[in-house]
Each structure stands twice: as C-alpha cells, then as structure tokens.
Amino acid sequence: MRDAPQDPCAHCEEMMQPYLDHILTEEERVEAEHHLDECDWCRRRYRFEESLRTYVRQIVSEPMPSALKQKLAALRIPLN
Amino acid sequence: MRFEEEALALSDQVYRVARHLASSRDEADDLVQETYARAFRSWRSFTPGTNLRAWLLRILTNLNIDRGRRTQRAPQTTPLEANDYYLYDKLAEADGGADEERVVERLSQDDIVSALSAVPHDFRDVIVLVDIGDFSYQDAAQILDIPIGTVMSRLHRGRRILKRELAESVLEDAS
C-alpha cells in the first residue's frame with residue numbers, strides 16, 4: 001500500500017478520519033487499532049476528534065424558531 | 001399521513017442544516033419557507049418511499065444556489081488546511097494534559113459558528129450535511145449533485161480547514 005516506511009503516528013493521523021467514519025478496509029482498521037492500542041499519544045487525539053464532532057454538532061444546532069414553524073404549517077395547501 | 005405532515009415533521013432537521021448553509025438566521029428562515037412552499041406545490045414529483053428529508057434538502061440547496069449565493073463564493077485560492085492533529089495540539093499545549101472532553105469545551109459556540117462560516121461553501125456544504133445534518137455520503141452526493149468520492153474528499157479537507165480556523169480563533173482569543 002505504501003511505497004516507503006512512514007512514521008507510524010503520521011500514518012495513524014492519516015487514518016483517523018476514515019477510521020472514525022468507518023470506511024477503512026478491515027486490514028487498515030486492524031492496523032489502526034493495533035497502533036492505537038500501544039500509542040497513547042494518538043489515542044488521545046482520536047478521542048479528541050470524536051468529542052469534537054459530537055460537540056460541534058450539539059453546539060451549532062439551534063432550535064427552529066416557533067414562529068417559523070407556524071409559518072410553515074400555514075403554507076399547507078388546503079384540501080378541497 | 002399526508003405528504004405535507006410528513007414534510008413538516010422533518011422541519012427541525014431541515015432547519016438545522018439550513019441554518020449553516022445560509023449565511024444568516026434571516027436567510028435560513030426565508031430559505032426554509034421557500035423550500036416548503038415549493039415542496040408543497042410540487043409534491044407530485046416526490047416518489048413515495050424514497051428519502052423525503054434528502055428531497056427537501058435538494059430543493060433547499062438548489063434555492064440557495066439560485067439566490068446567487070454562489071456569486072459570493074470564496075476566492076478560488078486553495079484554503080489553508082491543517083493536519084488532523086493540529087487543533088488538539090494547539091489546545092492541549094495551553095491546557096497541559098487535561099482530558100480530551102475538557103479540551104473540546106474550550107471552544108465556544110462563537111468560535112465554532114464563526115469558524116464554520118469561514119470554511120468555503122463547497123467544503124462547508126458537505127460538513128453541514130454529513131456532520132451536522134447526519135446525512136449519509138450517498139444522500140449528500142445526491143443533494144449536492146456531486147460524485148460520492150467528491151463528498152468524501154471535501155468532507156476530509158473541509159474538516160481540516162475547519163480545525164485550522166478553530167485553532168486560529170483560539171489563538172486569537174488567547175492573545
């Protein structure tokens with residue numbers, strides 16, 4: 001897969017997004033988990049990314065204004 | 001359930017995405033109303049049993065583009081990306097070993113909202129749909145009318161751009 005040996009943490013960083021998106025191949029997933037098992041430094045960064053995703057989703061989700069909800073309901077086309 | 005009721009039941013989810021695809025609250029408000037008005041008029045073009053949420057979002061993103069949002073797009077320079085660990089490194093540096101959940105909480109709502117709006121549209125659309133709206137890659141590809149591989153690469157790069165923007169805003173706050 002790779003041409004030259006690579007810094008394992010740099011490689012693990014590359015795999016982080018696809019790992020958390022569950023799109024790595026089985027072989028890559030095992031490889032990432034093997035590294036994470038023994039590397040606290042990368043493990044913290046993976047956990048951070050997971051927390052960040054959840055946090056961003058929560059913090060930017062604003063409830064819809066109720067006035068808007070009423071306006072939408074009023075757009076319905078009456079049944080004849 | 002009538003089509004209209006089904007569509008209205010999804011309005012919170014539609015709004016959540018619209019809020020960050022549009023550049024302001026007012027614009028999101030208009031966009032959602034226009035989307036529903038159009039959806040109610042053209043309900044016959046919806047195929048029952050298919051994804052109604054994605055169908056509504058397709059209308060919404062098209063309206064957003066029609067409104068000329070694309071004319072204000074960011075300059076065609078390549079946006080700056082950071083490595084994936086960059087933001088954590090910057091935050092943890094200041095925090096000296098706090099746990100990861102704590103570190104995340106150093107980011108304020110303002111930091112995140114403004115960092116997100118600084119991400120160029122093409123990347124932001126995908127982040128908003130997938131990471132905030134919970135759409136699959138497949139749905140995002142259909143909504144934006146781009147190949148699924150493009151969704152994935154924009155998402156990947158977009159998150160890195162977002163993290164760089166976040167790191168910058170945190171560094172500014174600290175200075």
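A residue counts here as buried if 20 or more other C-beta atoms lie within 10 Å of its own, as exposed if 12 or fewer do, and as partly exposed in between, with C-beta atoms placed from the backbone. The structure is a predicted model, so local features need pLDDT of at least 70 and side-chain atom pairs count only at pLDDT 80 or more, while totals for chains, interfaces and linings use all residues. Residues are numbered from 1 along each chain as its sequence is written, and chains are lettered from A, with ligands numbered from 1, in the order in which they are written.

Chain A comes first. It has four helices and zero strands, where helices (H or I, at least four residues) and strands (E, at least two) are DSSP runs, numbered from the N terminus. Read from the N terminus on, the elements go α-α-α-α. The radius of gyration of chain A is 22 Å, well over the 12 Å that the globule rule gives for 80 residues, so the chain is more spread out than a compact globule. (That radius is taken over C-alpha atoms, and the rule is 2.2 Å times the number of residues to the power 0.38.) Along the principal axes, the C-alpha atoms of chain A fill a box of roughly 70 × 25 × 20 Å. Buried residues make up 15% of the 80 residues in this chain.

The loop between helix 1 and helix 2 (26–38) of chain A holds His22(A). Phi of His22(A) is near 60 degrees, a positive value in a residue other than glycine. His22(A) counts as exposed because it has 7 C-beta neighbours inside 10 Å. Leu24(A) also lies in the loop between helix 1 and helix 2 of chain A, but with 17 C-beta neighbours inside 10 Å Leu24(A) counts as partly exposed. Leaving aside neighbours within four places in sequence, Leu24(A) is in contact with Met15(A), Pro18(A), Tyr19(A), Arg29(A) and Ala32(A); contact means that the C-beta atoms of two residues, placed from the backbone, lie within 7 Å.

Next, the interface. The contact between the chains takes 26 residues from chain A and 30 residues from chain B. On the chain A side, the elements that give two or more residues are helix 1 (8–20), helix 3 (40–60) and helix 4 (66–74). Helix 3 gives the most, with 12 residues. Sorted by class, the side of chain A that touches chain B has 13 nonpolar, three polar and 10 charged residues. For these classes, Ala, Val, Leu, Ile, Met, Phe, Trp, Tyr, Cys and Pro count as nonpolar, Asp, Glu, Lys and Arg as charged, and the others, Gly among them, as polar.

One helix pair spans the two chains: helix 3 of chain A and helix 7 (residues 109–118) of chain B pack at an angle of about 95 degrees, with their axes 10 Å apart. That makes helix 3 of chain A roughly perpendicular to helix 7 of chain B. (Axes are lines fitted to C-alpha atoms, for helices over the stretch in contact, and angles run from 0 to 180 degrees between N-to-C directions; under 35 degrees counts as roughly parallel, over 145 as roughly antiparallel, 65 to 115 as roughly perpendicular and the rest as oblique.) From helix 3 of chain A, Val56(A), Ile59(A) and Val60(A) meet Gln109(B), Ile112(B), Val113(B) and Leu116(B) in helix 7 of chain B. This contact divides into six nonpolar residues, one polar and no charged.

Within chain B, the domain assignment gives domain 1 (3–72) and domain 2 (86–174), with bounds that come from an automatic or database domain assignment. The C-alpha centres of the two domains of chain B lie 23 Å apart. Their contact takes 11 residues from domain 1 and 12 residues from domain 2.

Helix 8 (residues 121–132) and helix 10 of chain B pack at an angle of about 100 degrees, with their axes 8 Å apart. Helix 8 of chain B is therefore roughly perpendicular to helix 10 of chain B. By class, their contact has eight nonpolar, one polar and five charged residues. As for Asp145(B), its place is in the loop between helix 9 (137–144) and helix 10 (148–174) of chain B. Phi of Asp145(B) is near 60 degrees, a positive value in a residue other than glycine.
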